[in-house]
There are 2 protein chains.
Amino acid sequence: VAEGWLVARQGAGTTVAAAAVANEPARRAAPDADRVLFDLRPGVPDVAAFPRARWLAAARRALADAPASSLAYGDGQGRPELRHALARYLTRARGVRAGADAIVICTGVAQGLALLCEVLARRGAATLAVEGFGIQAHRELAASAGLGSRALPVDDDGAVVGELTREDAVLLTPAHQFPLGMPLAPGRRLEAAAWARREDTVIVEDDYDGEFRYDRQPVGAMQALAPEHVVYAGTASKTLAPGLRLGWLVLPEGLVAEVTEAKLRADGGSGAPDQLTLAELITSGGYDRQVRRARLAYRRRRDTLVAALRRRVPGVEVSGIAAGLHAVVRLPAGLTEDDAVARAAELGVAVQELGRYAGEGATHAPALVVGYATPPGHAFGEAVSRLCLALGARAS
Amino acid sequence: VAEGWLVARQGAGTTVAAAAVANEPARRAAPDADRVLFDLRPGVPDVAAFPRARWLAAARRALADAPASSLAYGDGQGRPELRHALARYLTRARGVRAGADAIVICTGVAQGLALLCEVLARRGAATLAVEGFGIQAHRELAASAGLGSRALPVDDDGAVVGELTREDAVLLTPAHQFPLGMPLAPGRRLEAAAWARREDTVIVEDDYDGEFRYDRQPVGAMQALAPEHVVYAGTASKTLAPGLRLGWLVLPEGLVAEVTEAKLRADGGSGAPDQLTLAELITSGGYDRQVRRARLAYRRRRDTLVAALRRRVPGVEVSGIAAGLHAVVRLPAGLTEDDAVARAAELGVAVQELGRYAGEGATHAPALVVGYATPPGHAFGEAVSRLCLALGARAS
């Protein structure tokens, strides 16, 4: 409450959110794309930094080694080369307890969630709990599969998982709450895992930007707390590029066959050349190096953004910045979210209001969700400068 | 009737098929993969002939030229580079009337059909007519979208489209009926197009192997007869490799936006690197050269297969061989489909019975559907020799 984020909820303690209604940043239309000179919306990494030469070199090595059968129809689960590479990588880098047999390759977290909802609904599930701030498209995916959703409040320790009751599954962003940015506290993780074991339910761990943590020890995946109840969802969309359409689920043993079947029905399985290439990139160490390079670059951008805002814009507060590719920027007094978005747009800067990620009826301090990963490096300084102007800085 | 294929249907003239019930060859499980030494099932090309070096060279050129934005999230319709390349290619090679704006990239014909059924069902469609011999998985896709299916009889001129009445759409294989192999006769094409215009319905033209015609002038796509009522579906699964997961729909203008939305919901759009690479391969002429090479190789295989069967196995008849990657082999008298499949399996040869593509209650002469594209070149002679043995040839 002291930080200005929290709102009192009638009779239920202090929370941030009620119900989450927001738009998926990834799926946004860009109606004024011509006028967007600087894109500071969250969700998209710096695609100009995609390591094209390294990707091509890995593709060459991968295709040289691949058996011809890798180019035939697959079984839907994904290439074994990639599943083995990911099992080792996720164990090492994210603390996931994963064997290659537990992994299903998909096109990203959204497809992974859709496949899982389809399987859970077929098993009789009726409700998916979600975080009170989050991505509207995820709720829509659940609804398409016939699952209702119920929002959990979010406080400084992340989602209030103690409010979970009879839901069939819960979708969490434990490493870096989207969009508010706090990690799910250790006690909450244990509490959620205990709930899932007690009720025999499923936790979906959306680790969309888990590789990007700057200021503390990495926050590992919570999947290891209850591998038989947690579905870990990861993606190359932030570490490499969304256009690869490569993501992965690490599943409890009992869900693998059904999710594989659902994937096969959805698209016949993901394409082989890019799967083989990513496998080679991971195995050769190139993926780790790319993550380190990107982490360093994004940390610098974050520092630039935070320093500029604090120096030039009186009254802003920046939070959620220990990790990830975006920050939450609380607006100076008197500035509404809509005004801030409009002023930024006038300067050619696209930003998003926090409100689009918050549920109907929830109140929160006016803020923007500022993605600092998208602009190419040469444009980033100007993007930040214009954002500061939009928020009330004097021209420098 | 004289050829032994046709069966009399009570009160309705002479037809081959009643209702189609079959398994998708592409999606088959391979339970005895260890024992399959020679794979003569239909549906999979020779993946050992995939032009890896040319593919990689095209990938290098494509990634060098691609804008960074091509690696961000897409709009679901597919990369413009590939849609433009396909529009030109399909116009030239298949007689399709296509602009890049009318194309949606998907992962293959099956996904394309699934997306389309979803859109048609949302518009209120209730029934998809299918051919009386065909792929069971296509019916299942329609059923998943809530569409019932009704089978059209098939005779020597292809599907009896004169029996179309109030169905909302029809799925046809005009260039090469799957699996029987005859083209849809010109009169039938006109009849189907007239039906679609009169009833304001949709024809789905599955051009799964339209590039492979050997003995006559190519049979063009029928889409040009009624571009506002035909959805043309093509794929790289036969010309290059199924593992690419690249196919395309050419759509009437009024369907493009909704199918694009459905694709976006299904998987976020297809992956960019492989789309860009295929675009470059087409534009540079490499795709045409690959199709010509493959056509020559498969034609030789077909000739080898037909000659061996005719020489060594008394009583077989081979049909459906003017095009495509499979033949229908009518069994010698006294041999059942199950026996033939079992005998072949004992010799390490996988084949499929025609019955799996025929509807319940339909009768047809016992036959196998023999795919001659799958084995690598060095194994093809032995595969054919063992098939002949399984069908009663004396060891040579």
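Modeller: Here is the contact between the chains, followed by a few features inside each chain. Keep in mind that this is a predicted model.

Start with the head count. Chain A puts 42 residues into the contact, and chain B puts in 41 residues. How much area do chain A and chain B bury between them? The figure is about 3400 Å². Carbon and sulfur atoms account for 62% of that area. The size of an interface is often given in this way, as the accessible area lost when the parts come together. On the side of chain A, three residues lose the most area to chain B: A:Arg52, A:Leu71 and A:Tyr73. Together they make up 23% of what that side buries.

Next, look at what holds polar partners across the contact. Between chain A and chain B there are 0 salt bridges. Polar contacts are another matter: 18 residue pairs across this interface make them.

Which helices of chain A each supply at least two residues to the side that touches chain B? They are α1 (52-65), α6 (253-267) and α7 (272-283). Of the elements in chain A, α1(A) gives the most, with 7 residues. Sort that side of chain A by class and you get 23 nonpolar, 11 polar and 8 charged residues.

Now the symmetry. Turn chain A by 180 degrees, with a shift of 0.0 Å along the axis, and it can be laid on chain B with an RMSD of 0.0 Å. That is the relation of a two-fold axis. Which residue of chain A comes closest to the rotation axis? It is A:Ala266, whose C-alpha is at 3.3 Å. The two sides also match: 98% of the interface residues of chain A are interface residues in chain B too, so the copies meet through the same surface.

Now step away from the contact. Over all chains, the salt bridges number 44. One of them joins A:Asp207 and A:Arg94, with the closest N and O atoms 2.7 Å apart. A:Asp207 sits in the loop between β10 (202-206) and β11 (230-235) of chain A, while A:Arg94 belongs to helix α2 (residues 80-94) of that chain, so this pair ties together parts that are 113 residues apart in sequence.

The whole structure has 10 aromatic pairs over all chains. Take B:Phe178 and B:Tyr208: their ring centres are 5.5 Å apart and their planes stand at 90 degrees, so the pair is edge-to-face. This pair links distant parts of the chain, 30 residues apart. B:Phe178 is in the loop between β9 (169-172) and α5 (186-199) of chain B, and B:Tyr208 is in the loop between β10 (202-206) and β11 (230-235).

Last, check the backbone. Most residues other than glycine have a negative phi, and most peptide bonds are trans. B:Phe178 comes up again here: a cis peptide bond joins B:Phe178 to B:Pro179, with omega about 5 degrees. B:Pro179 lies in the loop between β9 and α5 of chain B. In chain A, the bond from A:Phe178 to A:Pro179 is cis, with omega near 5 degrees. A:Pro179 is in the loop between β9 (169-172) and α5 (186-199) of chain A. Then there is A:Asp200, which is not a glycine, yet has a positive phi of about 55 degrees. Find A:Asp200 in the loop between α5 and β10 of chain A.

Definitions and conventions: Residues numbered from 1 in each chain as written. Chains lettered and ligands numbered in written order. Predicted model: local features only at pLDDT ≥ 70, side-chain atom pairs only at ≥ 80, totals over all residues. Heavy atoms only, no water. Contact = heavy atoms within 4.5 Å. Buried area = accessible area lost by both parts, 1.4 Å probe. Salt bridge = Lys/Arg side-chain N within 4 Å of Asp/Glu carboxyl O. Polar contact = N/O pair within 3.5 Å; in protein donor to acceptor, adjacent residues only side chain to side chain. Helix = DSSP H or I, 4+ residues; strand = E, 2+ residues; numbered from the N terminus. Nonpolar A, V, L, I, M, F, W, Y, C, P; charged D, E, K, R; others polar. Least-squares fit on C-alpha atoms with pLDDT ≥ 70 in both. Phe/Tyr/Trp six-rings, centres within 6.5 Å; stacked < 30°, edge-to-face > 60°.
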